[in-house]
Number of protein chains: 4
Amino acid sequence: MGGDDASKDLDALLEEVAEIARPKASEGELADYIPELREEDPDSFGLAVVDLDGTEHVVGDVDRPFAIQSVSKVFSLVLAMQKADAADGVRKELWGRVGVEPSGDPFNSLVQLEHEKGIPRNPMINAGALVVDDVLLDHCTDHHEEMQALVSELAGEEVTVDERIASSEEGTSGRNRAMAYLMQSFGNLHHPVDDVIKAYAHQCAVKMTARQLARASRFLANDGVDPATGRQILRPPLARRVNALMLTCGTYDAAGEFAFDVGIPCKSGVAGAIMGVVPDRYGVTVWSPPLDQAGNSRAGKAALHELTDRLDLSVF
Amino acid sequence: MGGDDASKDLDALLEEVAEIARPKASEGELADYIPELREEDPDSFGLAVVDLDGTEHVVGDVDRPFAIQSVSKVFSLVLAMQKADAADGVRKELWGRVGVEPSGDPFNSLVQLEHEKGIPRNPMINAGALVVDDVLLDHCTDHHEEMQALVSELAGEEVTVDERIASSEEGTSGRNRAMAYLMQSFGNLHHPVDDVIKAYAHQCAVKMTARQLARASRFLANDGVDPATGRQILRPPLARRVNALMLTCGTYDAAGEFAFDVGIPCKSGVAGAIMGVVPDRYGVTVWSPPLDQAGNSRAGKAALHELTDRLDLSVF
Amino acid sequence: MGGDDASKDLDALLEEVAEIARPKASEGELADYIPELREEDPDSFGLAVVDLDGTEHVVGDVDRPFAIQSVSKVFSLVLAMQKADAADGVRKELWGRVGVEPSGDPFNSLVQLEHEKGIPRNPMINAGALVVDDVLLDHCTDHHEEMQALVSELAGEEVTVDERIASSEEGTSGRNRAMAYLMQSFGNLHHPVDDVIKAYAHQCAVKMTARQLARASRFLANDGVDPATGRQILRPPLARRVNALMLTCGTYDAAGEFAFDVGIPCKSGVAGAIMGVVPDRYGVTVWSPPLDQAGNSRAGKAALHELTDRLDLSVF
Amino acid sequence: MGGDDASKDLDALLEEVAEIARPKASEGELADYIPELREEDPDSFGLAVVDLDGTEHVVGDVDRPFAIQSVSKVFSLVLAMQKADAADGVRKELWGRVGVEPSGDPFNSLVQLEHEKGIPRNPMINAGALVVDDVLLDHCTDHHEEMQALVSELAGEEVTVDERIASSEEGTSGRNRAMAYLMQSFGNLHHPVDDVIKAYAHQCAVKMTARQLARASRFLANDGVDPATGRQILRPPLARRVNALMLTCGTYDAAGEFAFDVGIPCKSGVAGAIMGVVPDRYGVTVWSPPLDQAGNSRAGKAALHELTDRLDLSVF
C-alpha cells in the first residue's frame, strides 16, 4: 500500500476514533480548582498524530491552545536531563534526588515523601517535578525562558504562557507548597520554596495545541533526535528512559491501566491533554477537557485505546 | 501526721527521686535541630511539686529558665478554649477543626493529615497546635502578648520570650510549614501560613523554670481555678478535658506508656520539660534536657514514674 | 448526707441517666457480622453501678445476659498478667510481645502489624488479644475453663459460654486469622493459629449480665483486690496498668473521645456492653446493643457521659 | 549480514554479557526463607535467548533446573485468562477481583489489601496470584496437572514439580495465609484458604531451566502464538496485556527501575530467575540465585541491562 493511501486511511481512521471517543467526554468532569480550567469547553476534542517524516494527521480542535499543565513535566525533565548530562551526569544530579518507581498510592505524595525521607517516587508526580525544577534553577539563568525556548523549538513555532493561569496556579498551590517544605525539611530542595513553586506554576501555564504537542513528542519516538531539525535533544538511552517513565508513571494512578489498555508511553495533564509516544513512528496528542476519576482525559483515553488497538501500536 | 512533717517527708522523697532519676539522663540525647537546644547543659535537672495551697517542694535546678517548647501547646489550647467558650463555643470553634484522638503514628502528622482531610488528630501534636494558633489569631489582637500574659499570670511572675529561639524555630520550620500548607489546601487554616508559623514559633520560645511551670499547671488540678488567685481559668469540664488530652496525647508516641507507667496527665517539650497534673493535689514539673527516642525527657520520665509510684498519685 | 439517702439519690440519678441515654440507641446500628448479634433486641438497656461495699444500683435490663465479646479482653489480659507475674514476669512474657500504645488507625491492625514486625499496639485490639491468648496457652491446661473460672469468681456467680456464638465467631474470623498468620510470620505467635482463634472465639462468647460485669470490674477500682472476697486478683500497680490501658485503648478509635467525654477507664464490646472503672468507688457497666460508627454502644456512651458528668466521676 | 553470522555474533555477545554480569552476583544474597533456596549454588549463572524461529543462544548453566517461584505467576495468569476468556470473559472473572496497577509499596500487600477492600493491586504480587489461583480452582478439575501441562507445552518438554519445595513453601506461608484470610474476609476468595495456598505453593515449586523458560515466554513475544506449535495460547490483545503487567509490575518494587534500565517486560522469582519478553523477537531468561534488595537476581538484572542495551531491545 502506497504512502498516500496509507495516509488517507489513517485520516479516515482518526475520524472513526474521534467519533467513538468524543461521547465519552460526558462521563468525565472538568478540573475545577482554578477558574481557567472550570471555564474550558467540555466539548472540545482534538486528536493529532504526527509522523516522523512530518506528515500530520489531525481531527477536531487541534489548533486551539490549552494549558499543558502536567504534560510540562516531560519537558522540564528533558531540560533537566540535558543540563545534568552536560554537567555532573543525570545519575548524580537527578536520580539521587528523585526515584523512577510508580507511586502506587492515590494519597501518594505526602505519605511517601514522609516515609521515604523527602525523595519523590518519580518526576511525573508533582513532588518529583518540583525537585526537577529545583535542579533546573541550579542550571538556568532564566527558567521560564529556557522552558519556553525548548517547547517552542519542539513544537516548531513560538508558544506562550498564560500569565493568568500561572498566577492562579501559584495562588492555589497549598499542597505543592506542603510537599516543597517537606522536601526542604529533608534537605531535598535547595532553592527557596517560592522560587520553585513559581517555576512550576509557570510551566503548567504554557499553552499549546494538540498539533504542537504531537510534534513536540516526536523526538522521544526518534531516539532523542527532533526529526524536524535533526538536533539531538537527548542521547538515545536518556530518551528511552523518559519513555519508560511516561509509561510507568505518566498517567497518575492509572499508569498500569494505560499500559494495559493503551500500551504506549503517555503523559496527561488536568486541562485534558494526553501526549503519547509511538517509538519509531509517531508523536500523538489528544485533547478533551473532561477528566475521569484518576484525572486523565476521559475521551482522550478512549481515543488512545482505539487508536493503538486498531493500528497495533502497543509497544508490547 | 502533721502538714509540716508530711512536707518534710515530701522534700526528702523528692531528693530520693532525683537521685534515682538523674543518672538516666545519660541514656538520652539533646534535641539538636536548633543551636539553642544543642547548647543546653545535659546535667541540668530540676523537679518541682507545688501544692494547691501554694507550698512548693523542689529539688535541683528549678529556677533556671528553659524554652517550654511543646509544653506551650497546653497554654495555647487553654487560651483558645477560653476565647471559644466565650464566643461560639469550643465545640464549634475548636473540635470541628482538630480531633481528640491519639495519633498513634510516629510519622503521624502528614500522613494522617492527608488521609483525614486536613483535620489534625489532636491539639497536642504540631499540626493541631497550628490550628489552635489559627483559632487564636481570630480572637487575639496580639497573640504573643496574650499568650505571655496568660502564662505569666499562671506562673505568678513575668515570663519572657527568647527571641533568638523564636527566630531559630521559625527558620527550621519546614515540616510545620508543610503541615500548615496541607491544612490550608483542605481549608482548615484561615490565616496566612507565615502568621501561624510565627505565632507557634513564638510560644515555643517562652522561657520558664520548672518551679513556674509546676505553679502554672495547678489550675488543671483544681477544676480550672488558679489556686493562687481564685480566678476560674477554664470551666471545670473544660479543664478536665485538657487533662484527658494531656494523658492520651501529651507525650508524643509514648502516651500509652506514660499512662501505663506514670498515670497522670503530662505534657512534654523538646527542651526536656515535662509538666504534670495530679488532680486535686499538685502541679508538677520536671526538667532534664536529654530526650529518649520518643522525644520525652529521659530522666524526667524516670522521675515522674518514681514520684507517682511512691506517692500513689496515679489517677487509675 | 447519710449513706441511705445517697444510695436513694444514686438510684434516682440512674433513672434520669437512663431516660436521657436510652433514646440515643436509635442513632446506632446493631453489629451484624454474626446472626446472634443481628438478633439482639435494640431496645435492651441496662445500667449497673456497684459500690465497693457491694451495694448495687441498677436500672433496666441488668439481669439479661449478652455475649461480652471484646470486654473479655480485659479478663484474658488479667489472667495472663496473673500467670506471667507468677512466672517470668509481665515485662518479659507480655510487654515484649504486645505494646501499650493507642493504635490510632481505623485500619490499624494489619497495617501497623506489618509496619511494626508483628507486635500489636496494645492488648485491647484484636491482634493484641490474640497474643494474650497465645501467652495463656503457654500457662493454662484448659484456657476455656480458667477464663470461665476467673469471670465467674469476679461476677460472684457461675457464668456460661454460648457455644453457638463461639462457633459463629470462629466461622467469621477471616480477619483475625489474617492477623494471627501475619504475627506468626513474624515469630510472634507460638501456638497453632487454630488454637489461638478458638480460644479467642470462646472468650468472646462468654455471656454475662450488666450487673455481673459491673461487679467483675470492681477489683480494678480497688487496687486489684476483689472487694467481695478480699482476694488480690492483681498486684496494685498491675491493676492500675489495666485501667490505663482501658482508658487509652479500650474503646476502639474513640478512646480519646471517651477520655475526653467520659473520663474513666472503659472497655466496650460489639454486643453493646461498656464496662467502666471508677477508681476507689465503683464498678460500672452499661448495655445497649446499637453501636455508633466507632463500634461502641451509642446509648451506652451517652449514659456513661451523663453519669460521670453528674457525679463528677472523671479521673481528671 | 547473514543469519548465521548474526547468530554467531549473538553467541559472542552473550559471552560478553555473561562476563560482565556474573561478578555482580557477589553483591546479592540468596533467599533464605526455605532450606532449598539457601542451598542453591550462588555461582550458578545461565542466560538463554530463544528466537521466534527456534534458534537458541545460550551461555552458562542453562540446563540446570531451578524452582520458577514467582515466575509461575505469569503462567497461572495466562491459564486463568485462557479459562476466563473461554467462559464469562477476563473482565468479569479476573479484573473485577484483581487490579492492573503497580503496588508501589514495599509493605504493599497487606496494607493495600486492607485499604482497598481485599482487591490486590495486580496479579504479579502474591495476593494477586492467590486470587488468580482462586479463579483457577473454579475452572480446573486438577490445578496442579493443568499448570504443569501448560508450562510443559510451552517449554517443549515435560517439567516436574519438586514436592519438597512445595511442602517447604506451604510450611512457611504465614504471610500468604494472612493475605488469603484477609481477602476472604472481604469476600474476594471463594475457595478454602488451604486449597488456594496449596495451589500456589505447588506452582512455585515447578522446576525449569533457563532454556525452558526462555522458550516458554516466546508466545508473549509472538502475539500469543507459541511459535513452536503454532497454537494460539492467548488472543493477541490478552498477550499484550500480560506483557504490560510484567513491565509495570513484574519485578517487585523495582519495576520502574527495570522499565528504565532494561526496557522489556520481565518477571522475576526468588530462586534467581528473570524471564523476559522482547516483542516480535525473543524469549529471554537469565538465572543467577543471589538477589538484590528488591528481591530480583542481582547478576540477572545486570545481564538483562547489558543485553537490551547492546542489542537495542528496549520497547521504548
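**Domain and chain contacts in a predicted model**

Chain A splits into domain 1 (3-64 + 209-311) and domain 2 (70-204), with bounds that come from an automatic or database domain assignment. The centres of the two domains of chain A, taken over C-alpha atoms, lie 22 Å apart. Contact (heavy atoms within 4.5 Å) draws in 32 residues from domain 1 of chain A and 36 residues from domain 2 of chain A. This is a predicted model, so to speak of local features takes pLDDT of at least 70 and side-chain atom pairs count only at pLDDT 80 or more, while totals for chains, interfaces and linings use all residues. Residues are numbered from 1 along each chain as its sequence is written, chains are lettered from A in the order in which they are written, and side-chain values use heavy atoms, with hydrogens and water left out.

Between them, domain 1 and domain 2 of chain A bury about 2,700 Å², 63% of it on carbon and sulfur atoms; buried area is the accessible area (1.4 Å probe) that two parts lose on being put together, summed over both. On the domain 1 side, A:E36, A:L245 and A:K267 lose the most area to domain 2 of chain A, together 20% of what that side buries. Four salt bridges turn up across this domain interface, a salt bridge being a side-chain nitrogen of Lys or Arg within 4 Å of a carboxyl oxygen of Asp or Glu. The side chains of A:R215 and A:E157 also meet in a salt bridge, at 3.6 Å from N to O.

Next comes the pairing of chain D with chain A. Each chain puts 34 residues into the contact, and the two bury about 2,700 Å² between them, 61% of it on carbon and sulfur atoms. In chain D, the residues that lose the most area to chain A are D:R240, D:F260 and D:F316, together 30% of what that side buries. The count of salt bridges between chain D and chain A is five. D:R240 also forms a salt bridge with A:D312, the closest N and O atoms being 3.1 Å apart.

In chain C, three strands make an open antiparallel sheet in the order β3-β5-β4; strands are DSSP runs (E, at least two residues), numbered from the N terminus, and two of them pair if DSSP finds at least two bridges between them. Because β3 (66-67) and β4 (160-161) of chain C stand at the edges with a single partner strand each, one side of each is left without a neighbour in the sheet. Two bridges join β4(C) to β5 (residues 206-208) of chain C, and C:T160 has C:K207 as its bridge partner in β5(C).

Note on methods. Helix = DSSP H or I, 4+ residues; strand = E, 2+ residues; numbered from the N terminus.
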